[in-house]
Amino acid sequence: MRRPRRNRKSAAIRALVEETRLSVNDFIFPVFLIEGVQKKEEISSMPGIYRYSLDLLLEEIEECVNLGIKGFCVFPSLGDDKKDKMATEGHNREGLYIQALREIKTKFPQIALMTDIAMDPYSSDGHDGIVENGEILNDETLEVLGKMALVQAEAGADILGPSDMMDGRVGYIRKVLDEAGFTDVSIMSYTAKYASSFYGPFRDALDSAPKFGDKKTYQMNPANAAEALIEADLDVAEGADMIMVKPALAYLDIIKLLKDNYDIPITAYNVSGEYAMLKAAAEKGWLDGEKVMLESLLSMKRAGADIILSYFAKEVAKLLK
Ligand code: PBG
């Protein structure tokens, strides 16, 4: 008789036949930057995750580097005085974000430094594009994204992450980079980014919630899967080096779909709401926090993710060590 249980009979055999494993090499740690010195503010809906001023962020990155983490994605959290309709601060060479990227890359040249390209952290409308009469303009927004890409590349970023879902952004950014000689700077496209309610805690962290309406005219409808293939076709054709599915847990089928159809690396973004959910249940003693963290991260790899952006990165790196 065929008895699958034979391959589960001891820890040693289970380890031998294990198909999927987590490694510290899989992770990119998203981190939040604020202005000031010696500042460390906990994000209330993300226990254990903080907004840091640059001096303390450098210390945090150093700790993570010592744990073996190689990828970091920096998000800026700005005051309202730095926001306007055109997200001008997003391409200010002397601004908080670009200066921080420069310093991080100088101090840690060996890391993979990823950025965010989108207007929302700098937009007084809280949207990822230029707003005119209540509409989000596409092609006008590309110009702003191109400017952001250039200053980020100049500052030493290794991987640019356009997270806005405007049409044509990957091709536009690739062209701007290549024309300026930044042929080695990579693009990780937020390819299948859904209009999800799991971004809530992140928007708290950045104070970046839309001032009116929602993001449904640019982010994808959670009901759609085939549409992710259209987005991926375009991003690959436009020159993306890596493609992403976001969120991760409620979209494991999309991760699998892209993995089965494309040869380039697939990233899963284990977003803020997914982190908050597990942390809240663990705090209440309803779930074993460590175990559900590992199980859910493993599910993303099993679905086909090569890279995982996760707020759990530091915690998991400690466990794997
Ligand atoms: C926006 C952006 C968002 C996230 C990353 N970049 C939120 C949004 O689209 O409103 C969310 C990440 C998370 O929830 O962890 N450009």
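This briefing describes selected features of the structure shown above, grouped by topic. The structure is a predicted model, in which local features need pLDDT of at least 70, side-chain atom pairs count only at pLDDT 80 or more, and totals for chains, interfaces and linings use all residues. Residues are numbered from 1 along each chain as its sequence is written, and side-chain values use heavy atoms, with hydrogens and water left out.

**The nonpolar core**

- In soluble globular proteins, nonpolar side chains tend to be buried together.
- A nonpolar core is a set of buried Ala, Val, Leu, Ile, Met, Phe, Trp, Tyr and Cys residues joined through side-chain atoms within 4.5 Å. Buried means under 20% relative accessible area, exposed over 50%, and partly exposed in between, with a 1.4 Å probe and protein chains only.
- The largest nonpolar core here has 106 residues, and Phe-32, Val-74, Ile-104, Met-114, Met-188, Tyr-269 and Leu-297 have the most contacts inside it.
- Val-74 belongs to strand β4, residues 71–76. Helices (H or I, at least four residues) and strands (E, at least two) are DSSP runs, numbered from the N terminus.
- Val-74 is buried, with a relative accessible area of 1%.
- The C-alpha atoms of Val-74 and Thr-115 are separated by 5.6 Å, although these residues are 41 residues apart along the chain.
- Contact means heavy atoms within 4.5 Å.

**The ligand and its surroundings**

- Of the 16 residues around the ligand, Arg-203, Lys-215, Lys-246, Ser-272 and Tyr-311 come nearest. A residue is near a molecule or strand if one of its heavy atoms lies within 4 Å of it.
- Tyr-311 has a polar side-chain atom 2.6 Å from an oxygen atom of the ligand.
- The side chain of Lys-193 has an N or O atom 2.8 Å from an oxygen atom of the ligand.
- Asp-128 has a polar side-chain atom 3.3 Å from a nitrogen atom of the ligand.
- Taken alone, the ligand exposes 400 Å², and the protein buries 100% of that. Accessible areas come from the Shrake-Rupley method with a 1.4 Å probe, and for residues only the protein chains shown count as cover.
- Gln-219 is placed in the loop between α6 (200–206) and α7, and this residue is buried, with a relative accessible area of 4%.
- Leaving aside neighbours within four places in sequence, the contacts of Gln-219 include Asp-128, Lys-193 and Arg-203.

**Helices with a buried face**

- An α-helix has 3.6 residues a turn, so residues three or four places apart point the same way.
- In helix α5 (residues 169–179), the buried residues are Arg-169, Val-170, Ile-173, Arg-174, Val-176 and Leu-177.
- Seen down the axis of α5, these buried residues fall within an arc of 165°, so they line one face of the helix. The arc is that of the directions from the helix axis to the C-beta atoms.
- The exposed residues Lys-175 and Glu-179 are carried on the face of α5 turned away from its buried side.
- The buried residues of α5 pack against α4 (139–154), β8 (159–160), β9 (186–193) and α7 (226–238).
- In helix α11 (residues 313–320), Ala-313, Lys-314, Val-316 and Ala-317 are the buried residues.
- Seen down the axis of α11, its buried residues also fall within an arc of 165°, so they line one face of the helix.
- Packing partners of the buried residues of α11 are β1 (27–34), α2 (54–66), α10 (289–303) and β12 (307–310).
- Helix α10 contains Ser-296, which is buried, with a relative accessible area of 10%.

**Backbone features in loops**

- Most residues other than glycine have a negative phi, and most peptide bonds are trans.
- The peptide bond from Lys-246 to Pro-247 is cis, with omega near -10°. Pro-247 lies in the loop between β10 (242–246) and α8 (252–261).
- Gln-38 is not a glycine, yet has a positive phi of about 55°. Gln-38 lies in the loop between β1 and β2 (40–42) and counts as exposed at 59% relative accessibility.
- Asn-133, also not a glycine, has a positive phi of about 50°. Asn-133 is in the loop between β6 (130–132) and β7 (135–137) and counts as exposed at 76% relative accessibility.

Conventions
Polar contact = N/O pair within 3.5 Å; in protein donor to acceptor, adjacent residues only side chain to side chain.
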